[in-house]
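Trainee: I have a model open and want to learn how to read it. Can we go through a few features together?

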Amino acid sequence: MITTATGELSLPVSDRDHIRGPKNAPVTLVEYGDYECPYCGRAHFIVKELQQLTGDLMRFVYRHFPLTSVHPHAEQAAEAAEAAGARGKFWEMHNHLFEHQQALDRKHLIEYAANLGLDVPRFSHELAEHAHIARIREDLLSGIQSGVNGTPTFFINGVRHDGSYDLRSLLAAIQNAAES
């Protein structure tokens with residue numbers, strides 16, 4: 001089912017997604033984010049803490065929403081995450097990108113791939129050929145259809161979280177969703 005900007009997730013979570021946490025968790029937190037966005041950078045550490053605090057109560061899904069008009073390296077960083085993901089290292093690259101937001105140019109992305117033990121020539125080729133751009137655009141379109149207009153935007157069990165995304169607010173919303 002596809003909805004148009006209603007505040008509900010237009011693309012249901014599935015095996016296509018990058019997911020951390022148990023499949024049967026009562027709460028699914030989806031983030032649409034941008035690797036170059038400073039607010040997403042702060043949210044990254046909040047989500048990591050949420051994962052520790054909630055344990056098996058929550059699974060986390062990350063989807064790309066690069067705001068290329070203000071973040072010139074965001075789309076290429078998302079492509080790097082997907083290229084790493086194709087080799088089973090999405091989350092390692094994801095974390096590294098957020099922890100090094102000030103260095104997302106091609107040279108640094110290749111350095112990060114080498115640090116993760118990826119096949120650098122293959123990684124470099126995939127970046128040059130935009131091998132994973134369709135996936136990123138699919139995330140972006142699903143975000144637009146879901147009413148995402150900035151980053152980070154969170155959805156809890158398929159409904160956009162319009163409150164604050166500080167630790168206390170998100171934790172309360174997740175606990176409330178778990179009790180529903």
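**Helix packing and backbone details**

Mentor: The crossing of α1 and α3 is left-handed (the near helix is turned anticlockwise from the far one by less than a right angle). This is a predicted model, where local features need pLDDT of at least 70, side-chain atom pairs count only at pLDDT 80 or more, and totals for chains, interfaces and linings use all residues. Residues are numbered from 1 along each chain as its sequence is written, and side-chain values use heavy atoms, without hydrogens and water.

Trainee: At what angle do the axes of α1 and α3 cross?

Mentor: Two packed helices are described by the angle between their axes and the distance between the axes. Here α1 (residues 38–54) and α3 (residues 90–99) cross at roughly 130°, and their axes come within 9 Å.

Trainee: Which residues in α1 and α3 meet?

Mentor: Contact means heavy atoms within 4.5 Å. From α1 come Cys40, Gly41, His44, Phe45 and Lys48; from α3, His94, Asn95, Phe98 and Glu99. Three of these contact residues are nonpolar, four polar and two charged.

Trainee: Where is Pro152 found?

Mentor: Pro152 sits in the loop between α6 (133–145) and β4 (153–156). A cis peptide bond links Thr151 to Pro152, with omega about -5°.

Trainee: What is phi of His130?

Mentor: Phi is near 55°, a positive value in a residue other than glycine. His130 lies in the loop between α5 (120–129) and α6. His130 is partly exposed at 42% relative accessibility (buried is under 20%, exposed over 50%, with a 1.4 Å probe and protein chains only).

Definitions and conventions. Axes fitted to C-alpha atoms, helices over the stretch in contact; angles between N-to-C directions. Helix = DSSP H or I, 4+ residues; strand = E, 2+ residues; numbered from the N terminus. Nonpolar A, V, L, I, M, F, W, Y, C, P; charged D, E, K, R; others polar.
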